[in-house]
Amino acid sequence: MSALTGTRHLARLILRRDRVLLPLWVLVLAALPMSYATSFFELFPTAAERAAYTEGTARNPSIVALLGPVYGDSVGALTAQRSGFLLVIVGLASLLTVIRHTRTEEEAGRRELLGGSVLGRYAGLTAALLVTYAADLLLGLLTAAGLAATGLPAAGSCAYGLAAALTGMTFATLGGLAAQLTETAGGARGIGIAGLGAAFGLRLVGDTADNDWPSWLSPLGWAARVRAYEGDRWWVLLLPLAATVLLAAFAYPVSVRRDLGAGVLPPRLGPAAAGRALSGPFGLAWRLHRGQILWWSVGFGLLGLILGGAAEAAGRSVEGNPQLEEIMARLGGASGLADAYLGATLSLVGLAAAGYGIQAALRMRAEESAGRAEPVLATGTHRSTWLLSHVVFALLGPVVVLATTGLATGLTYGFSVGDVPRQVGRMLGAGLAQVPAAWVLAGLAVLLYGLLPRLAPAAWAVLAVCVLLGQLGAVLELDQWLLDLSPFTHTPQVLRPTWTATPLTLLTILAAALTATGLLTFRRRDLPVL
Amino acid sequence: METTIEVSGLVKTFGRTRALDGLDLTVRTGEVHGFLGPNGSGKSTTIRVLLGLLRADAGAVRLLGGDPWRDAVALHRRLAYVPGDVTLWPNLSGGEVIDLLGRLRGGLDPKRRAELLESFELDPRKKGRTYSKGNRQKVGLVAALASDVELLILDEPTSGLDPLMEEVFQHWVRRVRQDGRTVLLSSHILAEVEALCDRVTIIRAGRAVESGTLGDLRHLHRTAIDAEVAAPLDGLADLPGVHDLRVDGQRVRFDVDAAALDAALRRLTELGVRSLVSTPPTLEELFLRHYEGVDR
C-alpha cells in the first residue's frame, strides 16, 4: 500500500459532497471578470475615455489600495485591475474548501472512520488539494475563455486566467498547511484567513507606496505583476507555482508526524466554571455568535473605510468624458456619481449582511443536527426562547454589519469632501436601508428551519439567486418581474433626493411574517429532525 | 403506589417506520427503572416523547403528573436528562457546560458538583472539542447528577465510560435513589441494569415485551455451559432447568437456569470435567431466544 492509496476514492467523495458548492463558486467567480470586460467595452469605447478613466479613477490611491495597480489603459488592463479583489475571494474559497475536507472532517471524526479502511497516509490531504487545484484550474480556463470571448487578446486572457488559477492553488495549499497546525477547523480557518489578510496587506502597502517590494512578497501582488494584457510577463507565474510547492513541502511532513485528530499547536484551557453571563439561552447564544459578529464588524468596518475613501475620486473620474458627464449631470453632478457608487457598493454589503443573517439562522440547524439543541430544550428553556435567542443574532447581525460599514464609509468619504457629520449620517442611513431586504432572507432561513429543517440550507441558494439577479440581471437584460423576485430590487436608493420608505416597511413586515411563521412551525414540530 | 411515568399504548411513526408500536411503561416514584432493549428498539424515541421533543401519534403519556408535550417547560425544571451521545459546544469548557445546563434547570448544588468532578476524575477546564467520548459523557452526567431534580432520565449514559468509571456511576445512581429520586435508565447492557435497577421493562421493536422486578425476570438469566467430559453423558437431559442440550461425542453444550446451575455442575463433575467454559447470555442472545416471533 502506497502513501497515496485511496486518494481517488476520497477525491470522488469530495466531488460528490461538493457537487453544488464547488461548481457554484467556480462559475460565479469565472463569470464576473467577463462581465467587467463587457461593461468596460460599453462604458469607455474610445481610447481617450479610457485614458481619462485610468488617470482619474484607476490610478486613484484608494482604488489601487483596494484592487491593485493598473498597468495601462486598455480594456484588458482595466478588467485585470477591476478583478483584483476577486482574487482574494478565489483564494478564500480555495483555502476554505481544502480545510473543509481535511481538518473539518478530522474534527468531526469522519476521517477516523475512513482511516480504518485502506487509505494511504497522504491520501486525505492529497485528495482535498487535487480537487481544489482542479477547481482552480477550471476557473482559470473558464475565465480565460470568457475574457477572450469578449474580444480581449487571447494571450492576455490566458495570462490572467493562469494567474487567477495559481493564486487559488497557492491559498489552497496554505489551507492544507493550516489544517495540519491546529486541532480545530475554526483555528485552521483563522490561520488561513490571517495568511490571506497578510497577503492583502502586503499588496496594499506595496501598491500604494513608492517602492513596491512588499507586493513582491504577496501572492496577490504577483497576480497583478503578471501584467496581463500589458506585456504578459509569464515568468512571474513561476512565483505562485514555487509558493505552492513550498507550502506543500511543509504541509506533507507535518501531516505524517502528528497524530490523527491532533494539531501541532497545543489547545488552550478554558474556565473551570461558567461566568455570570452564561446563565440562560441568550447568554449561550451570545457565546456562540459573538466571534462571528465581532470579526464581521471589523472586516466590514475596514472595507467601509476603503470604499468611502475611494468614492470622491470615483465621482471626479469622469471629468473630460462627455458621455459620462451627461449621465452624471442627470445623477446630480460629481457628488451624484459618488453617491451612485456608494449606493451600489452598500447594496453589495447588504447582500453580504443577508449572508450573515442566513448563517446565524442556520446555526440553529447545526445545533439541532449535532445534538446540542436537545439537552438545552430538555431543560426549563421554552422552544420559542431558544429559537429567539438565535433569531436575535440573525436579525441584529445584519444591522450591526451594515451600520458599521455605513459609519466607516461616511467617515472617510466625509473627510475627503470635508463634511464629516452630514456624510456619516447619510451613509449610516444608506447602510441601514439595506437591512429590511437582508431581514427577508434571514426570515426565510428561519421559516425553512421551522417548517422544512432538512431543506434549510436552501436559503443560501436563494441568496445566490439574489446576487445573480442583482449583479447580472441588468447585463442579461432580464425581465423586471424576474428582478422583482429579489428583495434587494425593492430597496430604495436613499442617497438620491427622492425616495419613499414604503418598500422598507413592506419588506420589514414580510420578514416579520416569515420569522413568525418559522417560530410557530418550530414550536409544533418533532425534534430532532436528523 | 405513586407513579412518576405512566405510558400506555404509545405509538410514534416516522414516515413508514413504526418506531413505537403500542408501548406501555410504568415507572414508580423513587425507583431506579431499567429500560432495556437492543439498539434501534425505540428506547431513545420513547425518551424523546417523555421529554416533549417528539409528539406522540397515539396513546397516553403522563410524566410527573403532567403532559410532557403541553407542560414541557414546567416539567423540565423537575428533571435532568443525559443523552446517549453527549455533544458539547466546541468552544465552551466542560465546567461552563455543567453550570449552564444546571442553571437552565434552575440551579445545581456546588458541593455536589465538586464531589462529582472529583469522583469522575473530570478536568472541567478543557474545551468541549478536546474531550473524548467518555469525558463528554461525564460532563452530561455531572450536570445531571448535581442538579436538584426529582427525576433523572439517562439514555445509555455509560457508553464510552471505562469499567472503573462505570463503578463510580453506579455509586452515584445509588445515592440518587437514597435521596428518594426517581431514575429511568435506558441500556442495552443487561449487567448494568441488574446491578442498579429495582424494576425493568424490556422493549423490542417498539413494544414492551416484559416488565417486572429482577426476580420476575430471573428466568431470563441462564448460563451457557460448554464442557468436555471424561465419561459418556447421561442424566443431564432430565434435570429441571437444563435447556437446549446438545451432545457431540464427549463435548456437551447446554443452557441452565440460575436455580439449576448447582445441580447441573454437580452432575458434570461426577462425569469428570476436562474443560469448562460458562458464559452469561448476552442481551442479543436473550432476545433471540425469548422474543423471536413475538407479535409485532
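This is a predicted model: local features need pLDDT of at least 70, side-chain atom pairs count only at pLDDT 80 or more; totals for chains, interfaces and linings use all residues.
Guide: Residues are numbered from 1 along each chain as its sequence is written, chains are lettered from A in the order in which they are written, and side-chain values use heavy atoms, with hydrogens and water left out.

Visitor: How much area do domain 1 and domain 2 of chain A bury between them?

Guide: Buried area is the accessible area (1.4 Å probe) that two parts lose on being put together, summed over both. Carbon and sulfur atoms carry 72% of it here. The total for domain 1 and domain 2 of chain A is about 1200 Å².

Visitor: How many salt bridges are there between those domains of chain A?

Guide: The rule wants a side-chain nitrogen of Lys or Arg within 4 Å of a carboxyl oxygen of Asp or Glu. Between domain 1 and domain 2 of chain A, the count is zero.

Visitor: And which residues meet in a salt bridge at 2.8 Å, N to O?

Guide: For this one, look between chain A and chain B, where the count is three salt bridges. The pair at 2.8 Å, N to O, is Arg287(A) and Glu96(B).

Visitor: How many residues of chain A are in contact with chain B?

Guide: Contact means heavy atoms within 4.5 Å. Chain B brings 37 residues to it, and chain A brings 40.
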